[in-house]
Amino acid sequence: MKARKRISVSGIVQGVGFRPHVYRLAYRYGLSGHVRNTVAGVTIEVQGPDDTLGRFLRSLESEAPPLARIASLSVEEVACLPGTDFTIHRSEAGEHADTLIAPDIATCADCLRELLDPADRRYGYPFINCTNCGPRFTILKRIPYDRPNTSMAAFGMCAQCQAEYDDPFSRRFHAQPNACWNCGPQLAFLDAEGNAVGGDPLAQTIDFLKAGWIVAIKGLGGFHLCVDATQSAAVEELRRCKRRFEKPLAVMVPDVAQADSLCVVSEADRALLESPQRPIVLMRARSCSGLPESIAPRSPDLGIFLPYTPIQHLLFARGSFAALVMTSANLCEEPICIENDEAIDRLRGIADYFLSHDREILLRCDDSVVRNFQGRTTMLRRSRGFVPVPVTIERGLPGVLAVGGELKSAVCMTKGEHAFVGQHIGDLESLAAYQFFQESIAHLENILEWKPSLIAHDLHPGYLSTQWATQQQDVRTIPVQHHHAHIASCMAENQLAGRVIGVALDGTGYGTDGQVWGGEILIADFRGFERAAHLNYVPMPGGAQAIREPWRMAVAYLDHAGGNCLEEGLPFLGSIPAGHLEMVRRMAVQRIRSPLTSSCGRLFDAVAALIGLRTEVSFEAQAAIELEACCQDRMEDGEYCFFVQEGECRAIGTASLFEQILADLKHGVSQATISRRFHRGLLSTLADVIHRISLSTGIQDVCLSGGCFLNTHLTVGLDRLLRTEGLKVYTQSQVPCGDGGLSLGQAAIAGHLGDVSWR
Amino acid sequence: MGHGGGGRLSADLFRNVFLPAFGNSILGRADDQAFLEIGGARLAFTTDSFVVKPLFFRGGDIGSLAVHGTVNDLAVGGATPLFLSAAFILEEGFPLECLRRIVSSMREAAQRASVQIVTGDTKVVEKGSCDGMFINTAGIGIVDTHLHLSADQARPGDVVLLSGPIGDHGIAILAEREGLSFEADIVSDTAPLHSLVADLLATGATIRCMRDPTRGGVASSCNEIAQTSGVGIQLEEKAIPLREEVRGACELLGLDPLYIANEGKLLAICAPEDAERLLAAMQRHPQGAGASRIGSITSANSGLLTMRTALGATRIVDMLANDPLPRIC
Ligand SMILES: [Fe+3]
Ligand SMILES: [Mg+2]
Ligand SMILES: [Zn+2]
Ligand SMILES: [Zn+2]
């Protein structure tokens, strides 16, 4: 029996070799018909014997190209038509409105083989790619994803490349960035002033790296600053120039074997390292790694990633480096540089040389950072490789632009059931980041051909994102409380719709009472929340200064507990000038320049400072990370008690906690033991409060979100305790649980609040 | 409370409440003073209320402040201050002794500023309905008809000059109010600016606009100018004069000196070719000895104030909203 079927496919099916895949299958099975792009994705019509059509359908899914992501597939019977050939219809304008754009993808195994094969015509060509790999998002100006709309428009294809591009049986059929030595982009090696230096650019780069210089290397989503990771003088020079003094630096290694010599690599880590997204993977560093201490001082973890561009592969293949530091090319925490001139200007005094090229990067995109712990993947920074893949959310909500928070910012735009979380932007206070924030919004509007009429923003009036949102004309703006957004972010990615118990633990968020929240247990849904419990309020002497100087929080907590840290003569205060100590205590007592906070991050800071880990931080959450890192005393099963004050909104009291820590300090109990007792005490207190809230409300679903859940002891521990109580626990893996995931939650909430059809 | 802080909320109140109600072209200029053409003469007119707590502080008191504040609002418009009014609101039972001290301090301040206090008013209110005393002063000055100084005059390439170290007044007040003592004494800079301004005008340099960065500090004044002129302002952190003891106090208190009030400092925007000359004239005057060129006007980043930090990064210095609540995590 002969039949004709119409198959509609949605998802990431454009720019990933999906139509040639269909063509090749039709050819293999001798079917007639056509394939074309539609508003919803790709539509295929195939005609042939019934059983062959069945095999075609199975192969369509099972042999789909590696980058394709089929969201839905529907089949209907249509009338047979005359004709025996199978054709690919070209895209037409306006047909691409709902198709998804692929992210940038690491060089595939086929291209890598060709790159290193002296017999191949692209041997050593630093821009080799195919439909299965290469740049996408970062070279895209507008949709549809066709060469004239990318920064490859500047390069005309040579006859050979064009032939590949036109051949449905070639791996490069419709590969938009297709190029070769004869027709494509070329490398250039420049000095610090941007003047070309003669010689082979790659060989020059390798020589200068070996000699200990800092080379800025143009990558997929921006420049990296690169030094030989085994040379401690070079690493220290890089830190000094970049003004990044303690924050760990990411290291690129040639392969998993080398990664394994530096870190403990689990099976899950290996899969992440080798995934086409090639994120930076945080893993436990081996003490005998042989890398200089200055790569990640006092950090138990190391961030490792594998080469993902042909340039990086060539550096390792020809330079035989054991490890290269590859850190975003910027000053302090500003956004990554992408333009050649911009890089030379902004990296003045940092980069000694540049390995650049003439293919423009149209959109900044940093490396993504992930961590796997006991089978759970956490996204620390969601950028290259993951953006612009959407998170699937509830259908039927109005489109929203959510502008996120202030730190580690990322925006989110929803369209239908897709929430597009944009790339990592950084801290908005920097002018460059604020401009990048605006670029990121404009680019999303561009590639989605979409301008939502609702804008969601944080409740904090001072956030630059809030100020930007409220200045926009002709749109409705919806303020969303910070921790409500964290919980909604977790609900959205787990597709929960009902009420949940939301545990939001983070550093700082503006509360509805004007205070600084951050240790919150909420009863929430997408339309609102109640504050069911929170850590007790303590003053934050000097506001943001108390974040930079955790010793201030120790003083505030001790004072709150009724102790006088000055009389105790506590060792951690040894380095603080007596005048400052007295002043900060008075500020706390008299509430001078001291907002109140219920922040969990500040509680970690206070404990870390009190037990002598550090009095000042140079990057976010540094003290809390060190407190977690020293929590290693596995034999210890004691725990500190918190006093929970019952009421409509429970206050989790910390006074007794600090009395117990003081007593332990007096008895010479180790940092490791105190950290352990603190973690365990906090966990069982939270679990107990959550359990009681669950009993009184009947809610069984618990969402964990907020930056403190990057602490794996906290996440894993709370998850285990709550499951034992029979509760269902949800965490985040698609977007960060920190402020990078905030915009997704804001969008989900505003979508529900702004949905006029809902009553 | 934030509505009186000189930051974004006060600007919002002005724009959303007062301007629509009283709206006229003179008020619409939104400068620190109004210019009035009367019978061929050009007058500058301004008023200000003083509610400072405590009434007495290192370097001055509410009386001298009430004179300087109004004198300076006239002076930064390029006017020669002439006459002041003074109105007092006293809390029942306010010690006469204190009032005498304050009034004599006003007399001295007026003499120093070469102005006369020519009219006034006193009201006594019930105990508890005012905190000790409030003073309102209004002032009239005369201004050259050719002079046109205004916050909308800044243009790309212009230079930003500042007459001396910032933050002294705000920190002195805070220390006094909260009973904080710092390692070194910090004294309010309250002073009249009329003579410094007169010296600057005498140079004939092209001055676009002047401000006394009082409440909200240099940050708020610069933001206002950037927004009103539709330009960007870029400051250099390293060039901004700041006393070591004020820097230390700000760090302790978690304050950004750019937002701290000054009562005797002058911010001037001038044409680039005249910058050197104007700066030299500032530095020759005793009140401008610590003057410095702190930044410039840009066409990029219109409406924004930015600062290149000591580390070399460029950050946005926005209108102050709801400090001291931290924005960072
Ligand atoms: Fe947060
Ligand atoms: Mg005034
Ligand atoms: Zn490939
Ligand atoms: Zn070619």
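Over all chains, this predicted model holds 57 salt bridges. The idea behind them is simple: side chains of opposite charge can pair when their charged atoms come close. Take E76(A) and R6(A), whose side chains meet in a salt bridge with an N to O distance of 3.8 Å. E76(A) sits in strand β4 of chain A (residues 69-78) and R6(A) in strand β1 of that chain (residues 2-12), so this pair ties together parts that lie 70 residues apart in sequence.

Now turn to the place where the two chains meet. How many salt bridges are there between chain B and chain A? The count is 1. You can find a salt bridge by looking for the side chains of E429(A) and R315(B), which come together at 3.7 Å, N to O. As for the contact as a whole, chain A puts in 43 residues and chain B puts in 31 residues. Between them, the chains bury about 3400 Å², and 62% of that area is on carbon and sulfur atoms.

Next, have a look at some backbone details. In chain A, the peptide bond running from V387(A) to P388(A) is cis, with omega near 10°. P388(A) belongs to the loop between β15 (376-381) and β16 (391-392) of chain A. Chain B has a cis peptide bond too, joining K53(B) and P54(B), and here omega is about 0°. Follow the chain to P54(B) and you are in the loop between β2 (41-50) and β3 (56-57) of chain B. Back in chain A, check Q374(A): its phi is near 45°, a positive value in a residue that isn't glycine. You'll find Q374(A) in the loop between β14 (369-373) and β15 of chain A.

Finally, step out to the surface. Which residues of chain A gather there in a patch of negative charge? They are E339(A), D341(A), D345(A) and E360(A). One of them, D345(A), is part of helix α10 of chain A, which covers residues 340-346.

Two strands of chain B, β5 (80-91) and β7 (133-142), each supply at least two residues of the nonpolar patch.

Conventions: Residues numbered from 1 in each chain as written. Chains lettered and ligands numbered in written order. Predicted model: local features only at pLDDT ≥ 70, side-chain atom pairs only at ≥ 80, totals over all residues. Heavy atoms only, no water. Patch = residues over 30% accessible without salt bridge, like charges linked within 9 Å, V, L, I, M, F, W, Y side chains within 5 Å. Areas by Shrake-Rupley, 256 points an atom, 1.4 Å probe, with all protein chains shown as cover. Salt bridge = Lys/Arg side-chain N within 4 Å of Asp/Glu carboxyl O. Lys, Arg positive; Asp, Glu negative; His and termini not counted. Charge placed at Lys NZ, Arg CZ, Asp CG, Glu CD. Helix = DSSP H or I, 4+ residues; strand = E, 2+ residues; numbered from the N terminus. Contact = heavy atoms within 4.5 Å. Buried area = accessible area lost by both parts, 1.4 Å probe.
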